[in-house]
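Thanks for coming, everyone. Please put the sequence and the model up on the screen, and I will walk you through them.

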Amino acid sequence: MAFVLRNCAVAIDGVLLSSSMREVSVEMTAADVSTTAMGAGGEGHLAGIRDDSFTFNAYSDITAAGQLSATVEAKFIAAGTVEVKVAPSGSTIGTANPMYIGYCPVLTWTPIGGAVGDAAMTPLTLPVSGTITKTTTGTLP
Amino acid sequence: MSSLLTSTFYGIRSGIADNLRSISGLQVLDFVGNQVTPPSADVRRGPLEYDQAMDGGLHRPTMLVRVYVSNVTDQGSQAKLDSYLDPDGVNSVKAAIESDRTLGGVVDDLHVTGATGAQTYGLEGQPTMLGSEWTVEIWL
């Protein structure tokens with residue numbers, strides 16, 4: 001059933017950051033391994049190694065009290081890993097609102113982005129070490 | 001979480017009006033008045049964009065500032081409107097509004113993004129007025 005994405009819950013390292021998020025994307029991708037043999041009439045495909053990621057576009061929050069900066073920037077500087085949890089409709093997890101979890105190194109950090117007159121944004125792509133897991137139990141953040 | 005309380009908008013109106021009072025000779029009202037005595041300005045609500053971040057984290061209100069200068073064909077009034085439309089200078093409406101971008105801490109930021117340029121406004125019981133309307137984006 002269609003629904004409007006307006007209350008997507010996002011937590012990074014146990015900090016609820018939903019109210020800073022303008023765009024949220026959970027991406028699960030597998031490499032496309034060719035199994036095409038000689039004489040084949042078309043390409044053969046096999047799902048290879050997964051390459052999952054979370055992508056966010058957040059309002060920039062670079063003040064000392066900024067939760068996004070405080071949570072992610074320090075991990076980037078320390079070359080650390082963050083736990084990411086995303087649920088499509090609020091923080092009460094269940095069959096109608098599953099949670100996606102991944103553990104991600106912070107490989108890029110863009111504290112400010114945008115053109116003159118725009119809201120300053122922080123685009124954030126977090127590649128997952130391993131794969132994203134989906135669960136209908138647990139808590140967020 | 002972004003607040004759209006009525007009391008917040010009292011603060012926004014009065015903050016914008018206070019900033020505009022730095023323009024010499026311009027009468028400023030926090031709300032739309034029933035009698036216009038030019039040159040004068042009032043502060044009114046503009047369009048509102050809800051749910052610009054997840055979980056009600058950001059709503060984007062816009063305020064409008066309308067300035068009336070006088071009757072339509074008076075050259076002095078047109079020149080005065082030119083000075084109000086300047087992006088900076090002592091009569092600049094944009095510069096005056098942006099002189100305190102947090103309105104004393106009521107908002108996170110504001111930005112005067114544009115003005116309509118010279119417009120004519122029909123007012124009940126009064127002559128048609130020359131003026132302009134400025135758009136003020138508010139970040140709460």
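Let me begin with a term: the radius of gyration is taken over C-alpha atoms, and the globule rule is 2.2 Å times the number of residues to the power 0.38. For 140 residues, a compact globule would have a radius of gyration near 14 Å; chain B has 15 Å, which agrees. Its C-alpha trace spans about 50 × 30 × 20 Å along the principal axes.

Some housekeeping. This is a predicted model, where local features need pLDDT of at least 70, side-chain atom pairs count only at pLDDT 80 or more, and totals for chains, interfaces and linings use all residues. Residues are numbered from 1 along each chain as its sequence is written, while chains are lettered from A and ligands numbered from 1 in the order in which they are written.

Chain B, then. How many helices and strands are there in chain B? Three helices and six strands. Helices here are DSSP runs of H or I with at least four residues, strands are runs of E with at least two, and both are numbered from the N terminus. Along the sequence, the pattern of chain B reads α-β-β-β-α-α-β-β-β.

Now the strand pairing in chain B. Two strands pair if DSSP finds at least two bridges between them. Strand β1 (residues 27–29) of chain B runs parallel to β2(B), with three bridges. One pair to look for is B:Leu29, whose bridge partner in β2(B) is B:Asp42. On to strand β3 (residues 58–71) of chain B: β2(B) pairs with β3(B) in the antiparallel sense, over nine bridges. There, B:Ser40 has B:Tyr68 in β3(B) as its bridge partner. The hairpin of these two strands has four residues between them, and B:Asp55 takes a positive phi near 60 degrees there.

Next, the inside. A residue is buried if 20 or more other C-beta atoms lie within 10 Å of its own, exposed if 12 or fewer, and partly exposed in between, with C-beta atoms placed from the backbone. By that count, 35% of the 140 residues in chain B are buried. A nonpolar core is a set of buried Ala, Val, Leu, Ile, Met, Phe, Trp, Tyr and Cys residues joined through C-beta atoms within 7 Å. The largest one has 29 residues; B:Ile16, B:Leu20, B:Val65, B:Val93, B:Ile97 and B:Val136 touch the most other members. Elements giving two or more residues to this core include α1 (6–20), α2 (75–85), α3 (93–97) and β6 (129–139) of chain B.

Two residues are in contact if their C-beta atoms, placed from the backbone, lie within 7 Å. Leaving out residues up to four places away in sequence, B:Ile16 touches B:Val43, B:Met63, B:Val65, B:Ile97, B:Leu103 and B:Val136. A second, separate core has 26 residues, including A:Ala9, A:Val128, B:Ala53 and B:Leu58.

Where do the chains meet? 10 residues of chain B are in contact with 12 residues of chain A. On the chain B side, β2 (40–53) and β4 (109–115) each supply at least two residues. β2(B) gives the most, with three residues.

Over to chain A. Three of its strands form an open sheet in the order β3-β6-β9, with antiparallel pairing. β3 (21–27) and β9 (121–127) of chain A stand at the edges, each with a single partner strand, so one side of each has no neighbour in the sheet. Six bridges join β3(A) to the antiparallel strand β6 (residues 53–59) of chain A. In that pairing, A:Val24 stands opposite A:Phe56.

Chain A also has an open sheet of five strands, antiparallel, in the order β2-β1-β7-β8-β10. Strand β1 (residues 9–12) of chain A joins β2(A) through two bridges, running antiparallel.

Which residue stands opposite A:Leu16? A:Ala11 does. Is A:Leu16 buried, exposed or partly exposed? It counts as partly exposed, because it has 16 C-beta neighbours inside 10 Å. Beyond four places in sequence, A:Leu16 touches A:Ala9, A:Ala11 and A:Pro141. Its C-alpha atom is separated by 24 Å from that of A:Gly114, 98 residues apart along the chain.
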